[in-house]
Amino acid sequence: MAEAHAADFCPALVGSMSQGAAGNPTVAMVEAAFRHHDLHWRYVNMEVAPADLPAAVAGARALGFRGFNLSMPHKVTVIPLLDGLGESARLIGAVNCVVRRDGRLVGENTDGQGFLASLRERIDPRGREIVLFGAGGAARAVAVELALAGAGRITVVNRSRARGAELVEVLRGGTSTAADLVEWHGDFTVPPTADVVINGTSIGLYDAEARVPVERASLRPGLVVADVVFSPPETRFLREARAAGATAIDGLGMLVNQGVIGVRHWTGCDPDVPTMRRALADALGVSSA
Ligand code: NDP
């Protein structure tokens, strides 16, 4: 009898559910990892309207999906449809990655974990003083993960007081990291005691000249400056930080690493990071350097 080939079996399925799914660059990144590791898996990009989410999740269960990513607008509304939550997803209050474990669909949040993996290539946040601009979904995920990793203090700098105060309450109530809020008016001066400064806002997304209101003279050598914006990866904020002698970390690393963590959760395989970064950069039409 002829030897069975992988293609003779049904592929293991994972994918992404979102509204506005067309052009999702993570498809190329995850599929590249599957090809590189010769995994007979498929990552399916799925357009799902909010009203259809319960049926879509039930469908994924019935079809035996090993897991799936969630993007806008499903990250919060998916929670009651799942069987459990990881610790950071519970604190963040949002899920971007579902993992099937023993038949149960467990919600994780890998956005902040992806950021943390990217940051740790340069600095361990344990005990560090962090300044975080923004308090939206990305900033919230980053803040919770930094706190769970033992950050000493997180100063949330946000334009709208209410959203910033809500994040500070999450950090104070759910973690042992000290947290405070600064309402953002005009240029923020980074205190000399800060170790890490993060742009967690959408300033700079698709606009390489957009300016994060920060006092340039307060950026200095020894400071680690990170941006969650991944397109373009070289933001004005990072250019100015580098010019001031600071270490710069782009948002592409965060996106690649959340994909790496997802693939690891689903397949148990430790995927090749450069392969995924190259595929993502190609899909976004940016340099992967
Ligand atoms: P949200 O809409 O949830 O939050 C946006 C945040 O940016 C808020 O804190 C908002 O402040 C602030 N903001 C926006 N414009 C301004 C401005 N002009 N001045 C001051 N503050 C401003 O967005 P997300 O958190 O979902 O996304 C933020 C960024 O993170 C996006 O660029 C997104 O692409 C990126 N991202 C990157 C990921 C990665 O893997 N690299 C993963 C997920 C997101 P306010 O509360 O006052 O409105």
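The following conversation takes up several descriptions of this predicted model and asks what each one rests on.

Reader: What makes H4 roughly perpendicular to H8?

Author: Helix H4, residues 111-120, and helix H8, residues 251-267, pack at an angle of about 115°, with their axes 7 Å apart. Angles from 65 to 115 degrees count as roughly perpendicular, and that makes H4 roughly perpendicular to H8.

Reader: Which residues of H4 and H8 make the contact?

Author: On the side of H4 the contact is made by Asp111, Gln113, Gly114, Phe115, Ala117 and Ser118, and on the side of H8 by Gly253, Met254, Asn257, Gln258, Ile261 and His265. Sorted by kind, the residues of this contact of H4 with H8 comprise four nonpolar, seven polar and one charged.

Reader: Why is Ser118 counted as buried?

Author: The relative accessibility of Ser118 is 5%, and buried means under 20% relative accessible area, so Ser118 counts as buried. Ser118 lies in helix H4, and, when residues up to four places away in sequence are not counted, Ser118 touches Ile249, Asp250, Gly253, Met254 and Asn257.

Reader: How do you know that strand E6 is largely enclosed by the rest of the structure?

Author: Strand E6 covers residues 104-108, and four of its five residues are buried, so E6 is largely enclosed by the rest of the structure.

Reader: What makes E4 and E5 partners of E6?

Author: Two strands pair if there are at least two bridges between them. Strand E4, residues 84-85, is joined to E6 by two bridges, and these strands run parallel, with Leu85 standing opposite Gly107 in E6. Strand E5, residues 97-101, is joined to E6 by five bridges, and here the strands run antiparallel, with Cys97 standing opposite Glu108 in E6.

Reader: What is noted about the phi of Asp102, and where does Asp102 lie?

Author: Phi of Asp102 is near 50°, a positive value in a residue other than glycine. This deserves mention because most residues other than glycine have a negative phi. Asp102 lies in the loop between E5 and E6, and the hairpin of these strands has two residues between them.

Reader: Is Asp102 buried or exposed, and how do you know?

Author: The relative accessible area of Asp102 is 82%, and exposed means over 50%, so Asp102 is exposed. Tyr206, in the loop between E10 and E11, can be judged by the cut-off of 50% too: with a relative accessible area of 64%, Tyr206 is exposed. Tyr206 also has a positive phi, of about 60°, although it is not a glycine.

Reader: Why is His37 called partly exposed?

Author: Buried means under 20% and exposed means over 50%, with partly exposed in between. His37 has a relative accessible area of 27%, so His37 is partly exposed. His37 lies in the loop between helix H1, residues 26-36, and strand E2, residues 41-47, and it touches Cys269, Asp270, Pro271 and Asp272 when residues up to four places away in sequence are not counted.

Reader: What makes E9 and E12 the edges of their sheet?

Author: Six strands form an open sheet in the order E9-E8-E7-E10-E11-E12, and their pairing is parallel. Strand E9, 178-183, and strand E12, 247-249, each have a single partner strand, so one side of each is left without a neighbour in the sheet. Neighbouring strands of this sheet are turned by 20° against each other on average, direction ignored.

Reader: How do you know that E10 and E11 are paired?

Author: Four bridges join strand E10, residues 196-199, to strand E11, residues 224-227, and because at least two bridges are needed, these strands count as a pair, running parallel. Within this pair, Val196 stands opposite Val224 in E11.

Reader: Which peptide bonds are cis, and what is the omega of each?

Author: A cis peptide bond joins Met72 and Pro73, with omega about 0°, and Pro73 is found in the loop between strand E3, residues 67-70, and E4. The peptide bond from Ser231 to Pro232 is cis as well, with omega near 0°, and Pro232 lies in the loop between E11 and helix H7, residues 236-243. They are pointed out because most peptide bonds are trans.

Notes. Residues numbered from 1 in each chain as written. Predicted model: local features only at pLDDT ≥ 70, side-chain atom pairs only at ≥ 80, totals over all residues. Heavy atoms only, no water. Axes fitted to C-alpha atoms, helices over the stretch in contact; angles between N-to-C directions. Parallel < 35°, antiparallel > 145°, perpendicular 65-115°, else oblique. Contact = heavy atoms within 4.5 Å. Nonpolar A, V, L, I, M, F, W, Y, C, P; charged D, E, K, R; others polar. Buried < 20%, exposed > 50% of the residue type's maximum accessible area, 1.4 Å probe, protein only.
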